[in-house]
Amino acid sequence: MGTDKDTKINLFDTYKNKQEILIRRCTLDDLDGVIDVNERELPEDYPYFFYKSILDDYPESFLVAQNKNGKIVGYVMWRVEKAPSFDGLKYENKGHLVSIAVSEDYRRKGIAFELLSNSMSAIKKYRIKNYVLEVRVSNYSAIKLYEKFNFKTKGIKKNYYRDGENAYFMVREVK
Ligand SMILES: CC(C)(COP(=O)(O)OP(=O)(O)OC[C@H]1O[C@@H](n2cnc3c(N)ncnc32)[C@H](O)[C@@H]1OP(=O)(O)O)[C@@H](O)C(=O)NCCC(=O)NCCS
């Protein structure tokens, strides 16, 4: 576990209504709050051990947003995957966005932006060549968020989600 300085990444007044939000690294004690946000905001849910394994393996890029009462109102988590390069000539590390969500009452305040920008610089240390993610083709707000970070749609994954919806596969090169 890092020091306070390592784990408290950013404290900011959200620019739209001056609510103080702390962006910091996730701890074991936060997992129930993370799961709560996930279950409210996304149809894809995961067992506890899955969150725990991401936290164990990639703690630097597993971030939470907490409100001034200490409640978790957002999170982001990444993992690293070794996969063929896009030209198929070699294997390389890719940073895969596992999940991001912000509680409905806290949206459009810049929280996802802060979570993504801080976690992307953290996952970079695994010498990844690209950031990759899947997003539901109907998820307009998330697609706009990723476009803001210069992700480009590289393809469509058919029936990617359990309910049969297709996903855009989006990629951003690491500079
Ligand atoms: C997608 C999500 C994480 C965005 O969180 P957020 O904290 O509201 O996003 P931010 O306030 O940081 O917005 C950053 C940028 O994302 C884009 N964006 C976010 N919400 C948007 C919306 N409803 N409509 C259009 N663009 C939107 C905008 O480009 C925005 O920048 P701007 O405010 O300067 O226009 C949030 O809507 C959410 O949790 N959705 C449900 C879970 C989900 O879909 N996760 C992604 C799964 S792939």
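The shell around the ligand is made up, by class, of 11 nonpolar, 3 polar and 6 charged residues, where Ala, Val, Leu, Ile, Met, Phe, Trp, Tyr, Cys and Pro count as nonpolar, Asp, Glu, Lys and Arg as charged, and the others, Gly among them, as polar. The model is predicted, and local features need pLDDT of at least 70, side-chain atom pairs count only at pLDDT 80 or more, and totals for chains, interfaces and linings use all residues. Residues are numbered from 1 along each chain as its sequence is written.

**Ligand shell**
- Among the 20 residues around the ligand, those that come nearest are Arg107, Ala112, Ser141, Lys144 and Leu145; a residue is near a molecule or strand if its C-beta atom, placed from the backbone, lies within 6 Å of it.
- At least two residues of the shell come from each of strand 5 (91-102), helix 4 (111-123) and helix 5 (140-148), and helix 5 gives the most, with 6 residues.

**Fold and strand pairing**
- The protein has 5 helices and 8 strands, these being DSSP runs numbered from the N terminus (helices H or I, at least four residues; strands E, at least two), and along the sequence they follow the pattern α-β-β-α-α-β-β-β-α-β-α-β-β.
- Strand 5 pairs with strand 6 (residues 130-136) in the parallel sense over 3 bridges, pairing being assigned if DSSP finds at least two bridges between two strands, and His96 stands opposite Val132 in strand 6.
- Strand 6 and strand 8 (residues 167-173) pair in the antiparallel sense over 7 bridges, and Glu134 has Phe169 in strand 8 as its bridge partner.

- Of the 175 residues of the protein, 27% count as buried, which requires 20 or more other C-beta atoms within 10 Å of a residue's own, whereas 12 or fewer make it exposed and values in between partly exposed, with C-beta atoms placed from the backbone.
- Ala65 touches Ile21, Ile23, Val73, Gly74, Val102, Ile111 and Leu115, leaving out residues up to four places away in sequence; contact is taken as C-beta atoms, placed from the backbone, within 7 Å.

**Asn93**
- Asn93 lies in strand 5 and counts as partly exposed because it has 16 C-beta neighbours inside 10 Å.
- Apart from neighbours within four places in sequence, Asn93 is in contact with Val80, Lys82, Tyr126, Arg127, Ile128 and Lys129.
- Asn93 and Asn130, 37 residues apart in sequence, are 7.5 Å apart in space, C-alpha to C-alpha.

Notes:
Two residues are in contact if their C-beta atoms, placed from the backbone, lie within 7 Å.
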